[in-house]
Amino acid sequence: MDPRSSGELVGREGILRDLSEALARSASGIPTVVVLSGETGVGKTRLVQEFLAGAEALSLAGACIPVAGEPLPYAALAQALRQGGDGLVDREVRGSPELARLLPAASGDAVPTTPDPGSEATSRMRLFQAVLGLLGRVSEHRPVVHVVEDVHWADRSTLDLLTFLVGNLNDERVLLLLTHRDDAPDESSDLASWLVELGRMDARTVRVPRLERDDAARLVTSLAGAVPPERLEETLARSDGNPLFVEQLVMAGDGPGQLPATLHELLRVRVEALPADTRRLLRAAAVIGRVASGPLLARTLGRPVEDVEDALRAGLAARVAEVRADDRIGFHHPAFREVVYAELLPGERTRLHRAAAEALEEEADPAPEVAGEVARHWHLAGDLERALAASITAGRAYEQMYAFGAAGASFGLALELLDRVGDPRVDRLDLAVRAASSASVVGDNQAAVRLLHEQLHRVADPARRAVLLERLGAAEFVAGDVAAAETAYRSATELLPDEEVSVLSARVHAGLGLLAAAWSRLDEGEDEARRGLAISCQVDARREEGTARNALGLVAASRGDLDTGVDHLEASLAIAREVESPFELGQAYVNLSHVLGLAGRLDHVVDLARGGLSELDRFGQDRQFGSLLLCNASDALIKAGRLPQAEELIGQALGRHPRGVMAAPVLLLAAKLTVAQGDLPAAWERCEQARLIIEAEGAPLGWWREVTETSAEVELWAGRPQAALEIAQDGLAAISDTDEAVFGSALVGLGLRALADLAFAHRDARSRQGRAPARQELLDARAAVGALPGWAELPETQALDRQAAAELARLDLAPAAEPWRGAAAAWDALGRPLPAAYARWREAEELLGAGVDVDSIGALRAVHDTAQGLGAARLVQEVEALAAFYRVDLLPPAVPDPGPDPLAGYALTAREKEVLAALAAGRTNREIADALFISVKTASVHVSNILRKLDVPGRQEAARVAHQLGSGRGPA
């Protein structure tokens, strides 16, 4: 055969059409994410190249690269920025310090000796925002296709950046195109989880299959022209439709002997057939692990560049090697590198890694990531002393690149090597702090905790131990182990000089204050927070001042001084924004929304959560704090009776898969929602899941109290009042003599309701006598709670107390409608329709007991309509049972006939009709998302579905359809 230089792209017309449609969608202002997935050699890269060649868009393309088994941080992004080939891109990079750090010109910037806590996360987020801003500004001029190939080799920082982009692209004209090798031998479970999460974020996965037989035959013909039928049949059978296998079989077709049966064996045979000089060149290239310049390969081999060029020719002819557009040399396919590297002898590997390290150290103007390559080569060469020095250099270089996953790995390796080398010039504390801080930034708090624990016993100096202990306390707190966090913080204070005024001292006391306040130890929290605040103001430590004010806000609110609490927390939020501290920003949003909920400012909670989620997304803290903020917003929506919206938010919170103690509040809110909707088995299951986590993880007492309240309510609606009574009694006993006791009114009311249900079922004298101790116990608890400072200032307490009085009258079998009417009015004043509806059900029950008349029937029908409107299924059942008992006809409310739905033929969902109404009103995706309290990404998906169902090319046409059909008005 006489193989041609390249084969025709065959059998991919459908995928190219899909990619063109995705580009058209993104060009209309709906950012789109596509993942091309397939096995080794199936042609993903060729497919991307063909698509980009015909795309009317600016391409920013790069590939993730494995170097000696380790990924290079931000490799794909750096390639895209270097090769953007567009003047606007170049200007954007030059004008952005964050983007410039990824390129060689900025690699010499200095870094602080010990990084400031929180600064790493802030700097990384600035890089992420810079990339997002670049894509947005460039896409204003031309649609952009941002290609990231081989995400199976992506480093942690690249994956986090891609997650950030997918979550924050709103209306930029950007197509994010990723390729993924789904048969990668070392694919990690983290990558698999990341791909699943990407799918939940509306990314579309397109699998690139093997070629059909006819297409594979076309490829053979395009490569070699006419071939004998028997050779064609053998090639098709061996290749089984894999394009790379087809190509290499064609290339090997004129050789002697039987064709190899596997792709790996075929590639090995193809390499072994090359001249010795070419094989040596390929072995050096495989060790370097990425595309490399001729001079770098020459230095690695110890040969002149001319010899490298001569040796390369045979590799190019055999299509084992290739020269890229930037004149760098690489393998025709990554599978060749894997085959060549696997065939190296141990001594050969060691020698080549040493040569590669020396060659890279001679680079005239190295990219920042080269430091990491040097460290890995020295390590694999067995030169531990040089590997130690290079690892430290690499870690600092990665910090400058904001590649904190790689930085943490480099500093961690340096710590391991330090144990073996014992270099006294190296500051172990600095390495440990840098490694732990980097791990925390990428969310690996357990690794940070482990690292700091390992180093503690090695450090004797009190001041240096205090630094480690403070970091350990912060890491344990974020990881959810409060007891361990407090132990670390307390140990740090013992090592600090008395009355020390320093940033470290402010940090320790502010951290202790927030910890104690969050766990309802108010006096302690106030003392520590005030001390931290005073020191912070003395040393101008703004971040620590924000933490202290956060703690003071929680303390004030828990004591009933809600206005002061809100003031402190709003100041804390402002400081977090000022210093751009992601962790403090998340804590401020969560605690402020919680306190606003306590204050009954439910609409404010929802608005704050909407803005907070967007801001936390931009700062990369949506996973860390987003679920808690969604919970607070969901709680406010449940209290406001907006159950469908609450259900959507809780679904989003559950979809984030919070781990450890952070899963408890999400499960708790899911339980609250399902009990309100009447799904008691699901509510009980969620309560039990939350309770088990809380007991295992040592969560705040307030979370335990709320789970107890919800569990008792489930038992009451399920008709098990004795179980509900015992739960309420246990809950009151647990919070007695704690700062959480001020919130005990709800448990008192639930206990009295349980006793009243028992009284109605068992009215004999013996039963009344048996209930007397429990009645007195609850009355004592009610009096004790009512006497606590701050109780009267909490908005809900008056309504809860009125309801408790009404339950007490029911318990004493002293029927009266007036107490229930008063309780309902109190709940109405707070904007709480669910407990108001419960009170009106009891009011109707009392009225009917006094006589079935127009007023009592009207009251029953009214509460029935209300319960139906709220979606409170269990309350509806109780009202209908009461109506049946008194033989009252519950007439359905009169609903005017709306006439035929003009959109019925298009199968739009209810949500899509709301979005269409918003489109008709001219709203953007961001405005639609804000109005419907959904993510911008979800809004864009709804818009895309509407365009597809209406079969229109754009938003304006969809709006015209809505107006023409009379559907331009809606709840959106």
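The model is predicted, so local features need pLDDT of at least 70 and side-chain atom pairs count only at pLDDT 80 or more, whereas totals for chains, interfaces and linings use all residues. Residues are numbered from 1 along each chain as its sequence is written, and side-chain values use heavy atoms, with hydrogens and water left out. Helices (H or I, at least four residues) and strands (E, at least two) are DSSP runs, numbered from the N terminus.

- Leaving aside residues up to four places away in sequence, Glu39 touches Lys44, Arg181, Asp182, Asp183, Arg207, Arg210 and Asn242, where a contact means heavy atoms within 4.5 Å.

- Helix H38 (residues 765-786) has 22 residues and reaches 31 Å from its first C-alpha to its last, which is close to the expected 32 Å.
- In H38 a kink of about 35° lies at Ala772, shortly before the proline Pro773, the bend at a residue being the angle between axes fitted to the seven residues ending there and the seven starting there.
- Ser767, Arg771, Ala774, Leu778, Leu779, Ala781 and Val785 are buried in H38, and the buried residues of this helix pack against helix H36 (721-735), helix H37 (745-761) and helix H39 (795-811).

**Cysteines**

- The structure holds zero disulfides, a disulfide being a pair of cysteine sulfur atoms within 2.5 Å.
- The sulfur of Cys631 is 13 Å from the closest cysteine sulfur, that of Cys687, which is too far for a bond.
- Cys631 is buried at 4% relative accessibility, whereas Cys537 is partly exposed, with a relative accessible area of 47%.

**Aromatic rings and charges**

- Rings of Phe, Tyr and Trp (its six-membered ring) pair if their centres lie within 6.5 Å, with planes under 30 degrees apart counted as stacked, over 60 as edge-to-face and the rest as tilted; by this rule the count comes to seven aromatic pairs.
- Phe128 and Phe164 form a tilted pair, because their ring centres are 5.5 Å apart and their planes are at 45°.
- Phe128 lies in helix H6 (residues 119-139) and Phe164 in helix H7 (residues 156-168), so this pair ties together parts that are 36 residues apart in sequence.
- Phe128 is buried, with a relative accessible area of 2%, and Phe164 is buried as well, at 5%.
- The rings of Tyr838 and Trp841 have centres 5.6 Å apart and planes at 70°, so this pair is edge-to-face.
- Tyr838 and Trp841 are three residues apart in helix H41 (residues 833-850), and therefore about one helical turn separates them; both are buried.
- One aromatic cluster is formed by Trp717, Trp820, Tyr838 and Trp841.
- Arg753 lies over the face of Trp717, at 4.7 Å from the ring centre, and Arg337 lies over the face of Tyr341, at 5.7 Å; a charge sits over a ring if NZ of Lys or CZ of Arg is within 6 Å of the ring centre and within 35 degrees of the ring normal.

Terms used
The expected span of a helix is 1.5 Å times one less than its number of residues. Buried means under 20% relative accessible area, exposed over 50%, partly exposed in between (1.4 Å probe, protein chains only).
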